[in-house]
Amino acid sequence: MREREFDIVIVGSGAGGGTMAKELAPLCAAGRRIAVLEWGAKLREEEYTGREVDMAGKLYFDSGGTFTRDRTMTLAYGRAYGGSTVVYTGTSLTMPEEVVRRWDVPGLAHADLHARSLKYLAENNVHLLPEEEQNDNNRLFLSGCRALGYQVEQFPINVKGCKSSSLCNLGCPNQAKQGTHRVQLPRAEAAGVEVITNCRVTRIGERCCDAVVANPSWGEPSKWEPGEYRVRAKVVVVAAGGAVNSPALLLRSGLGQGLPMLGRSITLHPALILVGEHDRPITNFHGHPKSYYCDQFWKSDGFLLETCMYFPFVTAKNLIGFGAEHSELMRAFPRLQMILVLALDAALPSNRTTVDRDGEPVVDYTLTDHVLDSLHASMKASARVFFAAGAKRVHAPAGTSFFIDAADVARIDEKIPRENVTPGKISITSAHLMGGCGMGRDPSDSVTDGWGRVPGVPWLFVADSSLFPQCSEINPYVTVMALADRVAEGIRANAGELLA
Amino acid sequence: MKSLTVGKAEFLRVLAARIVPEIGALDAAGWVRFEAIVDDALQERTDAVRRQFGVFLGVLRWAPVARYGARFDAMAPGRQDAVLRWFEDCPLSLLRKGFWGLKAMVFMGYYGQPETHGLIGYRARFDGREGLRARA
């Protein structure tokens with residue numbers, strides 16, 4: 001086993017790890033050595049092909065289809081230089097004050113989180129897409145919501161030089177999306193941080209990590225030779241591998257004994273994709289896929305509606321049924337409008353990340369009646385939006401028939417019955433994985449404090465979405481960055497002591 | 001296919017053509033692409049998942065004997081579809097989830113091929129600005 005030595009080792013390079021790397025990078029000028037160990041590869045620019053299966057295999061764990069233990073949901077999370085920021089759509093929202101209050105983390109104030117979030121909105125070139133750059137898929141959502149009197153807002157997004165490829169979730173082929181792979185990591189590297197890709201951390205020990213470097217058949221080769229490494233961290237280790245891998249890493253490392261909440265209370269924003277068909281072609285696969293969201297039902301029914309546009313396989317997978325009707329709808333692709341639904345799920349201790357006998361992560365997640373009720377209500381709301389936007393028919397996963405015609409708009413309640421919301425039949429997915437190392441008061445209710453510190457383990461910090469004690473109720477990446485910024489400040493503030 | 005026996009791979013073709021009718025019209029190259037995508041996806045999964053997928057194909061093939069007195073691949077297409085619908089709505093969640101997994105594999109094998117995108121009118125491009133303006 002080869003050995004390497006750094007002062008600070010950051011595990012993961014996504015919204016949390018990338019932010020930590022950039023924020024701690026100034027310490028390199030004082031001679032401190034910082035490493036980021038990233039499981040995934042750094043793709044060459046020409047490897048961003050926009051091909052669905054190809055990119056999913058290169059940029060996501062399990063090609064974006066990691067099962068929960070009971071296989072009623074699949075999870076999509078990134079594995080690359082830049083983590084999930086390579087594959088999100090770049091929607092950049094800041095946490096509502098009432099959600100921060102609900103989190104009730106001692107010392108974590110909305111004003112602090114908001115100020116840090118604004119810093120990243122500026123850093124990532126976040127802005128509203130001009131109307132002339134929005135496509136019909138988004139405009140129709142806006143008009144449908146407005147016709148119904150639903151509250152609708154525009155998403156700020158973090159793009160620079162967007163060429164309307166619509167391929168955000170497959171890694172932008174035009175380098176437009178301002179993820180950590182484009183912004184924070186290059187800055188950190190320029191300041192002296194070493195980013196080691198294709199490097200899987202298998203275990204954390206006392207101020208060290210065990211890691212394995214193995215190059216896949218894509219991407220730039222790792223800066224380190226393939227093989228096993230012990231990477232010493234003289235000062236701190238920062239776990240920033242995300243809501244599945246950070247808790248799993250800590251559990252695998254035997255850190256669960258004093259932390260009964262480790263891995264627990266994950267939330268996923270369970271999601272559905274719904275489809276409406278228009279009688280004329282619309283612009284949908286040209287243009288940014290996500291310009292608007294509707295929070296009309298945020299408080300009353302626990303769900304959000306967002307515009308979205310997915311690719312042929314993901315679209316096909318999210319439709320119920322098969323055969324001629326299914327094919328007919330797929331052939332209507334240029335006429336399809338899509339809506340993504342996010343259910344706002346409660347943080348239940350029984351929903352958790354564990355590790356199996358081989359140390360691999362396993363996510364236990366139960367779709368509660370409350371979540372299924374939200375998904376049911378969201379399907380009906382989406383159907384109404386589609387029809388209000390002029391769709392001739394709608395496909396709802398819980399529909400009594402494959403298509404619901406516009407003539408039946410008054411019968412939506414009857415056409416989409418609650419008893420048809422059947423886990424295991426309907427495709428329910430998650431791209432917002434949160435919790436598992438939640439912040440809180442003490443180990444009886446949490447894993448970390450409001451600065452990402454792990455009680456009793458002074459050299460260990462957490463800085464990713466696993467910190468969330470409950471779901472964020474919005475798209476979470478800006479909040480992850482704001483929290484990582486705070487964790488980095490805590491480390492810097494104590495640098496004299498920690499680095500002594 | 002590395003992940004399935006020859007017999008199960010052949011049966012998967014029968015199922016695939018019921019799930020996506022256009023699959024029946026795939027040429028030899030299309031089938032090679034279909035099988036490569038499905039095989040890669042299965043190879044990416046654990047041994048247990050691959051094994052379960054193979055077992056589920058066996059269940060689908062033989063379960064109709066009890067109800068209809070014939071194997072799935074010996075039944076008329078309409079009856080095959082009825083069996084598949086039963087699995088999709090099955091009260092036993094294990095079978096429902098198995099069918100969901102089968103559908104996902106078939107859809108990936110077909111719609112995951114860029115060569116099929118023209119048939120459904122999907123034409124995303126790296127530079128979509130012209131397409132956006134054309135219909136604006």
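This is a predicted model: local features need pLDDT of at least 70, side-chain atom pairs count only at pLDDT 80 or more; totals for chains, interfaces and linings use all residues.

Author: Happy to. Where the two touch, domain 1 of chain A gives 9 residues and domain 2 of chain A gives 9 residues. On the side of domain 1 of chain A that touches domain 2 of chain A, there are 4 nonpolar, 3 polar and 2 charged residues.

Let us start with a strand, S2 of chain A, which spans residues 34-37. What lies on its two faces? Both are covered: Ile34(A) and Val36(A) are buried on one side, and Ala35(A) and Leu37(A) are buried on the other. In a regular strand the side chains alternate between the two faces of the sheet. S2(A) also has strand partners. Strand S1 of chain A, residues 2-11, runs parallel to S2(A) and is joined to it by 4 bridges. In one of these pairings, Val11(A) has Leu37(A) of S2(A) as its bridge partner. Strand S8 of chain A, residues 194-196, is parallel to S2(A) as well, with 3 bridges between them. Here Val36(A) finds its bridge partner in Val195(A) of S8(A).

Next, a helix. H4 of chain A covers residues 110-123, and its 14 residues reach 20 Å from the first C-alpha to the last, close to the 20 Å expected at 1.5 Å a residue. Which of its residues are buried? Leu113(A), Arg116(A), Ser117(A) and Tyr120(A) are buried in H4(A). These residues lie on the same side of H4(A) because they cover an arc of only 105° around the axis. Turned away from that buried side is a face with the exposed residues Ala111(A) and Ala122(A). The cover over the buried residues of H4(A) includes two helices of chain A, H3 (97-103) and H12 (477-493). Just after H4(A) comes Asn125(A), with a positive phi of about 55°.

That backbone angle leads us to two further places. Most residues other than glycine have a negative phi, and most peptide bonds are trans. Ser164(A) is not a glycine, yet its phi is positive, at about 60°. You will find Ser164(A) in the loop between strand S7 (156-157) and helix H6 (184-190) of chain A. Gln175(A), also not a glycine, has a positive phi of about 55°, and this residue too is in the loop between S7 and H6 of chain A. Are they buried or exposed? Ser164(A) is buried, because 28 other C-beta atoms lie within 10 Å. Gln175(A) has 15 C-beta neighbours inside 10 Å, so it counts as partly exposed.

Finally, let us look at the neighbouring chain. In the contact between the chains, 38 residues of chain B meet 35 residues of chain A. Among the elements that give two or more residues to this side of chain B are helix H1 (6-19), helix H2 (28-44) and helix H6 (93-111) of chain B. H6(B) supplies the largest share of the side of chain B that touches chain A, 9 residues. By class, that side of chain B has 18 nonpolar, 6 polar and 14 charged residues.

Note on methods: Residues are numbered from 1 along each chain as its sequence is written. Chains are lettered from A and ligands numbered from 1 in the order in which they are written. A residue is buried if 20 or more other C-beta atoms lie within 10 Å of its own, exposed if 12 or fewer, and partly exposed in between; C-beta atoms are placed from the backbone. Two strands pair if DSSP finds at least two bridges between them. The expected span of a helix is 1.5 Å times one less than its number of residues. The arc is that of the directions from the helix axis to the C-beta atoms. Two residues are in contact if their C-beta atoms, placed from the backbone, lie within 7 Å. Ala, Val, Leu, Ile, Met, Phe, Trp, Tyr, Cys and Pro count as nonpolar, Asp, Glu, Lys and Arg as charged, and the others, Gly among them, as polar.
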